[in-house]
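Subject: The structure I promised you

Hi there,

Here is the structure we talked about, ready for you to open and explore.

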Amino acid sequence: MKSLDHLTFDNRFAALGDTYSTEVLPDPIADPRLVVASASAMALLDLDPAQAELPVFAELFSGHKLWAEAEPRAMIYSGHQFGSYNPRLGDGRGLLLGEVLNDAGEHWDLHLKGAGQTPYSRMGDGRAVLRSSIREFLGSEALHALGIPSSRALCVIGSSTPVWRETQESAAMLLRLAQSHVRFGHFEYFYYTRQPEQQRVLIDHVLQQHYPECVSAEQPYLAMFRSIVERNAELIARWQAYGFCHGVMNTDNMSILGITFDFGPYAFLDDFDANFICNHSDDRGRYSYANQVPIAHWNLSALAQALTTVIDVEALKAALELFLPLYQAHYLDLMRRRLGLTSAEDNDLALVEQLLQCMQSGGVDYTLFFRRLGEQPLPDALQVVRNDFIDLAGFDAWATDYLARCEREPGNAEGRRERMHAVNPLYVLRNYLAQKAIEAAEAGDYSEVRRLHQVLSTPFDEQEGMQAYAERPPEWGKHLEISCSS
Ligand code: AMP
Ligand code: MG
């Protein structure tokens, strides 16, 4: 374990120079106080969780103090937002403080979100509100606990600094960790500004630092692009299997590492609805739950376009064609597990689709359905979940097929409950749970944010006294309007 002042920095991105980022110092927020910290994220930096309570911790992650070896910089990128190209985005309110080299030899970017204005702030104030900082903290840590690749969150620091959104709110900072903060939009920026040499330096940087296994391939850039396609296929399969809706899949919010990145008005499905739109500003549902699959492919195409400078167009097209079959294979694999199936049959995808179709008629909580289905004995579990369906005839037809399918499983039902509970969470970050924790935090009580974070850090294990977190949401909690304003 290390103390906070003994972190080792190795700032490889900053070393690329001013073409890629701009030096900016954090602008501190007043009266910094710890809202919540993640012990498992602290462990990535070899930090003892007790250090979160030290005053210096809140000072470092609120812009009041800085390590001598840190080199805070705002990154330059552009990207496609809701399908239209925006030529100039960049870190408008976040700074890459530096890269920490941990004892395991991993580099972790320290990114301070809400650190004040930068040359890329446009009309924005450079701040993040407490509400959105807590949402990103809880969302990224909850996804990680579910086994879904994501950026991590070290802590949220609150303040008395006022900021204006629809009403007056208070500023906060979130310390985000990721092995890279390079987005699809970084490559688009250099492509659309016609700077091929500068773009190639960035491509080589990402290849060497983040895709070292591709360096010795016959065509290293193509091998890297294929890996990016593969990672995104797997990521989106996990989102879909667990009902996670990102909400703002703009190419500037897509990580080059294939991890969940930049949390805005995201949500987990409560009742299953393939057409669910979590982003209140997304009128046409471009980023609806079901659209996440074709949109991920669209985003990869936008990245491919930017990489035509170094990779043959036909090879890029062929790599893009890998996305859908890879996605389908991962998704089916996950859904088989969620249904407790250990073998594969040709009709399994049809069985999954038949189930979702009956769920679509309404009333079925997506998370609790799978959890309850895992109870023993199976016929009783089916009776319990049946109660929630509106399409009872549809459900009965499915249940007959599913029972028959389970009987064809090799081995017996032994271990079924354990196996299913290990992949079907009892607790997910429902919007209304986040909302209640946020309201308490806004009133100065951080205990609920901390408790919720704690519960979500082991989502598959039933936790004593936490039954309230495993309930279906109340009616008001299903229709919260979450906008981009953060
Ligand atoms: P986001 O919606 O957080 O992905 O942000 C999209 C773009 O707007 C990025 O370039 C952000 O840096 C910028 N941005 C968002 N909010 C602010 C803000 N309050 N001040 C300055 N820039 C912002
Ligand atoms: Mg963003």
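Predicted model: local features only at pLDDT ≥ 70, side-chain atom pairs only at ≥ 80, totals over all residues.

Below are some notes on salt bridges and on a metal site.

Residues are numbered from 1 along each chain as its sequence is written, chains are lettered from A and ligands numbered from 1 in the order in which they are written, and side-chain values use heavy atoms, with hydrogens and water left out.

Salt bridges
A salt bridge here is a side-chain nitrogen of Lys or Arg within 4 Å of a carboxyl oxygen of Asp or Glu. By that rule, the count is 33 salt bridges.

One of them pairs Arg-127 with Asp-27, at 3.2 Å from N to O. Arg-127 sits in the loop between strand 8 (107-113) and strand 9 (128-129), and Asp-27 in the loop between strand 2 (21-23) and strand 3 (33-37), so this pair ties together parts that are 100 residues apart in sequence. (Helices, H or I with at least four residues, and strands, E with at least two, are DSSP runs numbered from the N terminus.) Arg-127 is buried at 8% relative accessibility, whereas Asp-27 is partly exposed at 39%. Buried means under 20% relative accessible area, exposed over 50%, and partly exposed in between, using a 1.4 Å probe and protein chains only.

Another salt bridge joins Arg-238 and Glu-234, with the closest N and O atoms 3.2 Å apart. These two residues are four apart in helix 6 (residues 220-242), which means about one helical turn separates them. Glu-234 is partly exposed, at 31%.

Asp-365 and Arg-430 also meet in a salt bridge, at 2.8 Å from N to O. Asp-365 lies in the loop between helix 10 (348-360) and helix 11 (366-373), and Arg-430 in the loop between helix 14 (416-421) and helix 15 (431-442), so parts 65 residues apart in sequence are tied together. Asp-365 is buried at 2%, and Arg-430 is buried at 1%.

There is also a network: salt bridges with shared partners link Asp-91, Lys-113, Glu-136, Arg-176, Arg-183 and Asp-262.

The metal site
Which residues coordinate the magnesium ion (ligand 2)? They are Asn-253, through OD1, and Asp-262, through OD, at 1.9 to 2.1 Å. Donors are N, O and S atoms within 2.8 Å of the metal (3.2 Å for Na, K and Ca), and sites may look incomplete because water is not among the atoms. Asn-253 is buried at 9% relative accessible area, and Asp-262 is buried at 13%.

Happy exploring!
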